[in-house]
Amino acid sequence: KQPFKDYPEIMIIENQTEPGEIGKAIEHLLGYYYIQELSSMMPPLALAPTKDEIVLDIAAAPGSKTTQIASMMKNSGILIANDSNLGRIKILSTNTQRCGVTNIVISNNDGGNLCNRLEKAKFEFDKILLDAPCSGEGTLRTSPEQSLTQQLGGKWINYYQNRTPDDIRSVWNCDKLFSEYYLGLNPYDDG
């Protein structure tokens, strides 16, 4: 079923498959589609990237939003996909390659440090997506127990609580047009 007539690429699959079964289909493995929760699709829709823009995805891995952004940009312009975790960069790279993303530069940096360096180089973006921290909120509907464990016990809570105003300011200074979209469900995140 297609819940949004303006976005025909968004489909809801309702059937009796086992968890992960659709992700094992050859069509998914070949990059014909990418499985993600509706909540994960909303930030790129709100960002509304268009072709020929320069876009930065600061916390890009595992790549569901990044591949969606590339698709919305029609694989043109420049998409810089950054993540601070090298293990997640490998997953990001695999997912973007599988989905045929060609307008991408993948970066492995702390988001604040990357923005500081880009600001010093006077590099400007048309749009920036910062959907962080990744709390696993998208899995709340399908796997509430796992999601709550990630939210309450995950290392990300301490990491993001200890960010300084300068770290946050460096992200704001990174671009010429920044729109913040907070679409989270997390009661511990005062975003």
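Buried means under 20% relative accessible area, exposed means over 50%, and partly exposed lies in between (1.4 Å probe, protein chains only). Helices (H or I, at least four residues) and strands (E, at least two) are DSSP runs, numbered from the N terminus. The model shown is predicted: local features need pLDDT of at least 70, side-chain atom pairs count only at pLDDT 80 or more, and totals for chains, interfaces and linings use all residues. Residues are numbered from 1 along each chain as its sequence is written, and side-chain values use heavy atoms, with hydrogens and water left out.

**View 1. The buried residues of helix 5.** Helix 5 spans residues 111-120. Its buried residues include G111, G112, L114, C115 and L118. They sit on the same side of helix 5, because they cover an arc of only 160° around the axis. That arc is taken from the directions from the helix axis to the C-beta atoms. C115 counts as buried because its relative accessibility is 0%.

**View 2. The ends of helix 5.** D110 caps the N-terminal end of helix 5. A side-chain oxygen of D110 lies 3.1 Å from the backbone nitrogen of G112. Just after helix 5, K122 takes a positive phi of about 60°.

**View 3. A cis peptide bond at P62.** Most peptide bonds are trans. The bond from A61 to P62 is cis, with omega near 10°. P62 is found in the loop between strand 1 (54-57) and helix 3 (64-72).

View 4. Most residues other than glycine have a negative phi. A48 has a positive phi, near 50°. This residue lies in the loop between helix 2 (38-47) and strand 1. A48 counts as partly exposed because its relative accessibility is 33%. K74 is not a glycine either, yet its phi is positive, about 60°. The loop that holds K74 runs between helix 3 and strand 2 (78-82). At 65% relative accessibility, K74 counts as exposed.

**View 5. R88 and N108.** R88 belongs to helix 4 (residues 86-98). With a relative accessible area of 28%, R88 is partly exposed. R88 and N108 are 20 residues apart along the chain, and their C-alpha atoms are separated by 9.3 Å.

**View 6. Cysteines and disulfides.** How many disulfides does a search of the whole structure find? The count is 0 disulfides, a disulfide being a pair of cysteine sulfur atoms within 2.5 Å. C99 is partly exposed, with a relative accessible area of 23%, whereas C115 is buried.

Conventions
A polar contact is a pair of N or O atoms within 3.5 Å; within protein, one must be able to donate a hydrogen and the other to accept it, and residues adjacent in sequence count only if both atoms are side-chain atoms.
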